[in-house]
Amino acid sequence: MADGASSPMKAVVEVIAQALADKPSAVHVDEHDRRGTTVVELSMAPGDIGKVIGRQGRTAAALRTLVGLTAERHGTRATLDIRD
């Protein structure tokens with residue numbers, strides 16, 4: 001979003017990732033548009049990535065679901081990319 005405003009999708013990812021991380025200050029969430037879809041990018045300390053992915057990717061799948069539902073609720077489309 002322009003003007004430094006935080007989108008609801010970005011806020012959801014940031015709050016959950018910081019709660020899961022051992023180093024919450026290393027959590028960085030960025031977003032940009034790609035072909036009409038908002039892409040929310042999450043990066044964090046290397047040791048914390050596994051916590052966000054979870055066993056068999058369940059936590060990551062749940063986060064992606066939350067991002068999609070939040071976007072849908074606000075009349076847009078969004079996806080989550082987890083960067084290592």
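I take axes as lines fitted to C-alpha atoms, for helices over the stretch in contact, with angles running from 0 to 180 degrees between N-to-C directions.

**Entry 1, confidence.** I am working from a predicted model, and I looked up the scores before anything else. The chain has an average pLDDT of 90, and 94% of the residues reach at least 70. Going through the elements of the chain, I found the lowest mean pLDDT, 92, in helix 2 (residues 49–53), and the highest, 95, in strand 2 (residues 37–43).

I then turned to helix 1 (residues 8–20) and helix 3 (residues 58–73), which pack at an angle of about 155°, their axes lying 8 Å apart. Because angles over 145 degrees count as roughly antiparallel, I describe helix 1 and helix 3 as roughly antiparallel to each other. I also noted the handedness, and the crossing of helix 1 past helix 3 is right-handed.

From helix 1, the residues that I list in the contact are Pro-8, Met-9, Val-12, Val-13, Ile-16 and Leu-20, while helix 3 contributes Thr-59, Leu-63, Leu-66, Val-67, Thr-70 and Ala-71. Sorting the contact of helix 1 with helix 3 by class, I get 10 nonpolar residues and two polar ones, with no charged residues.

Methods:
Residues are numbered from 1 along each chain as its sequence is written. This is a predicted model: local features need pLDDT of at least 70, side-chain atom pairs count only at pLDDT 80 or more; totals for chains, interfaces and linings use all residues. Side-chain values use heavy atoms; hydrogens and water are left out. pLDDT is the predictor's confidence in each residue, from 0 to 100. Helices (H or I, at least four residues) and strands (E, at least two) are DSSP runs, numbered from the N terminus. Angles under 35 degrees count as roughly parallel, over 145 as roughly antiparallel, 65 to 115 as roughly perpendicular and the rest as oblique. A crossing is left-handed if the near helix is turned anticlockwise from the far one by less than a right angle, and right-handed if clockwise. Contact means heavy atoms within 4.5 Å. Ala, Val, Leu, Ile, Met, Phe, Trp, Tyr, Cys and Pro count as nonpolar, Asp, Glu, Lys and Arg as charged, and the others, Gly among them, as polar.
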